[in-house]
Amino acid sequence: MGAYAKAYEQSLADPERFWLDAAGLIDWDVFPERALDDANAPFYRWFPGGRLNTSYNALDRHIERGAGDRTALIWDSAMEPAQRRYTYRRLRDEVARAAGALAGLGVGEGDRVIVYMPMVPEAVITMLACARIGAVHSVVFGGFAPRELAVRIDDARPKVVVTASCGIEPTRVVPYKPILDQALDMAAHRPDHVLLLQRDRQRAELGPGELDWADVVPGAAPADPVPVDSTDPLYILYTSGTTGKPKGVLRTNGDHAVALAWSMGAIYDIGAGDVWWTASDVGWVVGHSYIVYGPLLVGATTVMYEGKPVGTPDAGAFWRVISEYGVKKLFAAPTALRIIKKVDPDGAELAKYDLGSLSGVFMAGERLDPETWQWATEKLGVPVIDHWWQTETGWAIAANPQGLEPMPVKPGSATVPMPGWDVRIVDATGAELPPGQEGEIVIKLPLPPGALATLWGDDERFLDSYLSRHEGYYTTGDSGYRDEDGYLFVMGRVDDVINVAGHRLSTGAMEAALAAHPAVAECAVIGVPDPVKGQIPYGLVVLKAGAEVAEDELRAELIAAVRREVGPVAAFRDVAVVPALPKTRSGKILRKTMRGLAAGREEPVPPTIEDPAVLEAIKPLLRLHE
Ligand code: COA
Ligand code: AMP
């Protein structure tokens, strides 16, 4: 039996032993006696009785073992442009001071801190500072609009919001302070303090009670790491569900640290001293797990890049970063490679750099399409690995474990389930499907360490959203199939969540923005294929009777509304006015049918359809997106 098969089998047959062994990768104040506590199933708890501090594990312990001068974090901003290097000692010291500053503002164990920041080192420092004092961070991606931020503020009820004066996008500076001010106007909750990092590009004016990072953090007394229970919360990360209300995925300390440390070695083949680069944003789970926690937990050097794959300044940006810092492995979203491929299909920019350090590329966020896989494999000459996971799972459900046992790549497949993930393909009744047949992808409980513990403050919604559809199983919301060799092919979402350039978004939130327009009677937003972004949202609106508005004007207003209400990352640019929306007799809009048609699939007309002519009438519009 190969190393993968052995590990996988052991993880399911004897999870106690498998995960207690993995727990040895972490330094505990109190080592857990058991791995799994299922007394409260389906609310499983990992490593009960264990006590640790995640920030200590990510920083101090490496210094104590003599690696204080090793580079922990390299920040490269193509936007400023600027570069900064932090040794483990410097990063620990800055984190300790930021932790002291937060404690000085009244933040203690279990208190929440919202982090609304661009890709600057202080975002990482704030996250680790929260972990150091047992506080719970909730990072909000900078591309979200005030309303999205407001919803998160009201749900997390933070004591402090940490922000910056601006983010820098290629065509504009994004002032964060007005976005935060608007969000606070909309929110019912009031944080005690706002702590703001001034960036030279555009400074912000501070109001009463608002504090400048430079006045508060550098002079603060450093705080020591506080041991917390393994099962204490580390962070909340909001992700899009099918409704407009985001879900607060809650991650706990001990299992998260164990799973990520294990994944760094087994999946990515990265250990102490290796240079690792995740080209994502700290606002996404990929950023949490693999810009911040994973690489630091194992003593690697993590690269944090503020910039884009193209245009900052050219399509060689990624290759520059790899060659400049000697990156061993890159983790990015397929959309990033597709953008580079579009601008530089022959790899002329790539030829300018020495990529000798690079030994592998990992892709996630959406399916890695075979064409992009082919291009990247040829151009880079290293294994290009697709792997599948979700905000909820925290790390890969399926991957090709490069450290454990590299397996042959099959283009279009995320390879095989990782240890701990008992993946099944089922039909709507929960019956398992044979190889080759596509169905819902579900995971038999318990989920392994590192997966979500619950949704913040809403156990009911956790059960409803993930555990109620098939008893004893976690519903991923993705569909797919397995082939005869057990390789997993993840084909797409079965719900109304869409993935635009690797950004997970809710069509429900966009529909709410459209529906608020006075001329709109009803609307639907569906994800349609896009050659670069993977998917883009497409809006269909029905006007109120008697609404007098020019279509061009209406379109512009609707596009602006989504940008304002959801944010620029929604990339909402396409909306059509239609006489009616196809529905079932009970009034449910046939989003799935429309989605399928737009993706070029032959969709059966549901027998419950109210009026087939309505669907026929919009078919040509949907076909435009094939
Ligand atoms: N703050 C403010 N605005 C932002 C933003 C941020 N942090 N990130 C993106 N935006 C804006 C962009 O400026 C753009 O605005 P525009 O409509 O005025 O041009 C809009 O949102 C759409 O952005 P996006 O679709 O992300 O395109 P892009 O060209 O800015 O970036 C990528 C392309 C590939 C770099 C980016 O989409 C990306 O990093 N995707 C991967 C996401 C990810 O990491 N997912 C996790 C899995 S790895
Ligand atoms: P997020 O929570 O933002 O990480 O998005 C998770 C969703 O992105 C998954 O449910 C999938 O729909 C999609 N996804 C992520 N990685 C992959 C992948 N490698 N292959 C297919 N879909 C993916």
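**Entry 1: helix H6**

I looked up helix H6, residues 146-156, and listed its buried residues as Pro146, Glu148, Leu149, Ala150, Arg152, Ile153 and Ala156. The model I am reading is a predicted one. I then asked which elements the buried residues of H6 pack against.

**Entry 2: Arg132**

I turned to helix H5, residues 121-132, in which Arg132 lies. Is Arg132 buried or exposed? I recorded Arg132 as buried, because its relative accessibility is 2%, against a cut-off of under 20%. I found the backbone oxygen of Ala223 at 2.7 Å from the side chain of Arg132. Leaving aside residues up to four places away in sequence, I listed the residues that Arg132 touches; among them are Asn53, Ser55, Tyr56, Asp60 and Arg92. The list also includes Asp224, Pro225 and Val226.

**Entry 3: ligand 2**

I examined the 15 residues around ligand 2 and noted that His387, Thr391, Asp478, Arg493 and Arg504 come nearest. By class, I recorded six charged, five polar and four nonpolar residues in this shell. I then looked at backbone N or O atoms facing a nitrogen atom of the ligand: one of Gly365 lies 3.0 Å away, one of Arg367 lies 3.4 Å away, and one of Glu366 lies 3.5 Å away. I noted that ligand 2 has 490 Å² of accessible area on its own, of which the protein covers 94%.

Definitions and conventions: Residues numbered from 1 in each chain as written. Chains lettered and ligands numbered in written order. Predicted model: local features only at pLDDT ≥ 70, side-chain atom pairs only at ≥ 80, totals over all residues. Heavy atoms only, no water. Buried < 20%, exposed > 50% of the residue type's maximum accessible area, 1.4 Å probe, protein only. Helix = DSSP H or I, 4+ residues; strand = E, 2+ residues; numbered from the N terminus. Contact = heavy atoms within 4.5 Å. Polar contact = N/O pair within 3.5 Å; in protein donor to acceptor, adjacent residues only side chain to side chain. Near = heavy atom within 4 Å. Areas by Shrake-Rupley, 256 points an atom, 1.4 Å probe, with all protein chains shown as cover. Nonpolar A, V, L, I, M, F, W, Y, C, P; charged D, E, K, R; others polar.
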